[in-house]
Each structure stands twice: as structure tokens, then as C-alpha cells.
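Please have the sequence and the model open side by side. The text below is meant to be read with both in view.

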Amino acid sequence: MTDANWHDEPVPYMARTRQYYRAMGYTRDYTWAEHDTIPFNRSPGTLRGMRITLISTAGPPDWTGARKPEDRHVCTTELANLPQEFATNVAWDRESTHVRDPESYVPVRALTRLASDGLFGTLTPRLISVPTVYSSRRTLEEDAPKVLAACVEDGTEAAVLTAL
Amino acid sequence: MCHQTVSLVARYLEEHGIPTVVVGSARDIVEHCGVPRFLFSDIPLGNPCGRPWQRDEQLEVVAEALDMLAEAPAPGLTWLSAAVWPHDPAWRTRYGRVGPDNAAALAATGDERRLNRAALRQQDASGNASAEAGA
């Protein structure tokens, strides 16, 4: 085991991904996004009355049939009509777990319960799905603006984003 | 790469005035990108909001995400979620493992992927050429 403290340290996914793709014969390592500064809006202190939107990389079932990841696009799904199974054909740990319980990555039940408990105002009525693509430029220049547009349309005041 | 995707989107939304919290399991990727608020679930990739079917744990993780959204005092903080992965410490060694037993299979998978991508690029190029010819 070359990873330090393998039994309790966070998994080094960037290093693992690098060695995995090298083993598949790729000669150029992926360049992960990195920034010197972090944008930040002051935390509101309380979420009471706020409209919160759920955003995930889990997508609608028809994403599964896409010829390639780049053929998937930002989309919304009414929470009242969520599919029983999401498109989950992205990189997750297939040897250790499974994704048959959508609540473990699209936590609508938990958010609905916490809204009804008064922790925040309302869960906005649509899940926003954003596709995982190789190009960070595509995510930033095409997908993120579409997510923002959907948020504006839904009156989003804060967002919870889950990564599969 | 899902973690990079949500990290980039979180940054973009935050730049446009919407406070965000990212819930995920790949700490290095999210922290490398830099997000306003990150709730880290130190369990296998695929269940950022807690283990499958563990409703109490999932509720706790989501409540923690909301707490962080409401209260994180500064950008770039990581909070550790309540999610746990008991009885299977070896999970940390599995994802993306490369060894003598799978090296040949990985090399073959890489060859197949490159062939498939090349075929798709060719299909796309043919499609574009047909569209231009028809325009």
C-alpha cells in the first residue's frame, strides 16, 4: 500500500485516477481545476423561510443511453415525478457500495422532512442535474450558466450540491 | 469527476450571489478546486448523503449540510459528516486500484475506449460534413 495511513486517511482520488488512467495507456495526465481564491457569500445564520434547491450529478434515466458524456446536458426534473432509478453511469466505487438507494445521493426525502420541521422554508420544485464531463471549460462556460438560469427561474436562495 | 463538476458549479453560483454547500466523498478533488462550503462524507464514492437505506444517517448528513450552509464563517472550510462505513476498513484500498492482476485488463480497456472515442469522433465529423453539405 503506497497510500499513507490507508485505514483512516481520506482516499487520494486524484492520485488514484492518475495511476488508473496511466495503466489504461493514457499519456497525458488530467489537469484538475485549481483556484487561488474562493467566492463566498456570508452565511445567513438561519435558513428559515429560504428557498433551497437540490443540484446533483445524478441525472434522468435517458442520460444512460447517451453516446458519450458530452451528449448529456443540464436538465431539471420535477420532484413530484422523480424517476425510481437515476442515470448513475459515472465513476463511483462499484466494488464497495451500490447506488440503488437514490436518497443516498439525491436526498429529497431528508430535505422535505427538514423543511417540514422548519429548518428552512421550501425545497424548490425541481432537481437540477448537471452532467459530469471531461472538460471543466464546458462545465463552466455552458453548464454552470444553465444551472444558474434554472435557479433564478425557481427563485433559489441557497443550494445543496451532491456529487455521486 | 463528479466532484469537480459540482465544485465548479458551486463556485459559479456563489459568484452570482447564491450560497452553496457541496456534499461529497472525494475530499482532495473538492479542496483542490476550492469551494465555499464542503461537507465531507468519508465513505465510498456513490453515497455522499450517507449509506444506502440508512435513513437516520442520511437525515443527519443533510441536516449537517444545512447547518454548514447557514453558519460556516469563512470560505474553503471542510466539515466532516456523520456518515460512517463500519466493518469494512479495506474499502479505502479498492477504488482505482492498479496491480499485476488487473494491469493487462486495464490496458485492454484503454485500447477499447480509444477506439470507441475515435469512432464517435468520426461519426460526429461525418454528421457535420453532411449537415454543411445540406445547408
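Predicted model: local features only at pLDDT ≥ 70, side-chain atom pairs only at ≥ 80, totals over all residues.

Residues are numbered from 1 along each chain as its sequence is written, chains are lettered from A and ligands numbered from 1 in the order in which they are written, and side-chain values use heavy atoms, with hydrogens and water left out.

The interface comes first. In chain A, 85 residues are in contact with 84 residues of chain B, contact meaning heavy atoms within 4.5 Å. The two chains bury about 7,600 Å² between them, and 66% of that lies on carbon and sulfur atoms; buried area is the accessible area (1.4 Å probe) lost when two parts are put together, summed over both. Across this interface there are 31 residue pairs in polar contact, both residues at pLDDT 80 or more. A polar contact is a pair of N or O atoms within 3.5 Å; within protein, one must be able to donate a hydrogen and the other to accept it, and residues adjacent in sequence count only if both atoms are side-chain atoms.

On the side of chain A that touches chain B, the elements giving two or more residues are helix 1 (13-23), strand 1 (47-56), helix 2, helix 3 (136-154) and strand 5 (158-162). Helices (H or I, at least four residues) and strands (E, at least two) are DSSP runs, numbered from the N terminus. Helix 3 of chain A gives the largest share, 8 residues.

Strand 5 of chain A also runs parallel to strand 1 (residues 20-24) of chain B, joined by 4 bridges; strands pair if DSSP finds at least two bridges between them. Leu161(A) has Val22(B) as its bridge partner there.

Salt bridges also cross between the chains. A salt bridge is a side-chain nitrogen of Lys or Arg within 4 Å of a carboxyl oxygen of Asp or Glu. The whole structure has 15 of them over all chains, and 2 lie across the interface of chain A and chain B. In one salt bridge, the closest N and O atoms of Asp101(A) and Arg55(B) are 2.9 Å apart. Asp101(A) lies in the loop between strand 2 (75-78) and helix 2 (108-116) of chain A and Arg55(B) in helix 3 (residues 55-71) of chain B, so the pair joins two chains. Asp101(A) is buried at 1% relative accessibility, whereas Arg55(B) is partly exposed at 27%; buried means under 20% relative accessible area, exposed over 50%, and partly exposed in between (1.4 Å probe, protein chains only). Arg117(B) forms a salt bridge with Glu70(A), with 3.5 Å between the closest N and O atoms.

Within chain A, Arg138(A) lies in helix 3 and is buried at 9% relative accessibility. Its salt-bridge partner is Asp143(A), at 3.1 Å between the closest N and O atoms. Beyond neighbours within four places in sequence, the contacts of Arg138(A) include Glu70(A) and His73(A).

Strand 4 (residues 126-129) of chain A is covered on both faces, with Arg126(A) and Ile128(A) buried on one side and Leu127(A) and Ser129(A) on the other. Strand 4 runs parallel to strand 1 of chain A over 2 bridges and pairs in the antiparallel sense with strand 2 over 4 bridges. Ile128(A) is the bridge partner of Ile55(A) and stands opposite Thr76(A). Arg126(A) is linked with Glu153(A) and Asp154(A) in a network of salt bridges.
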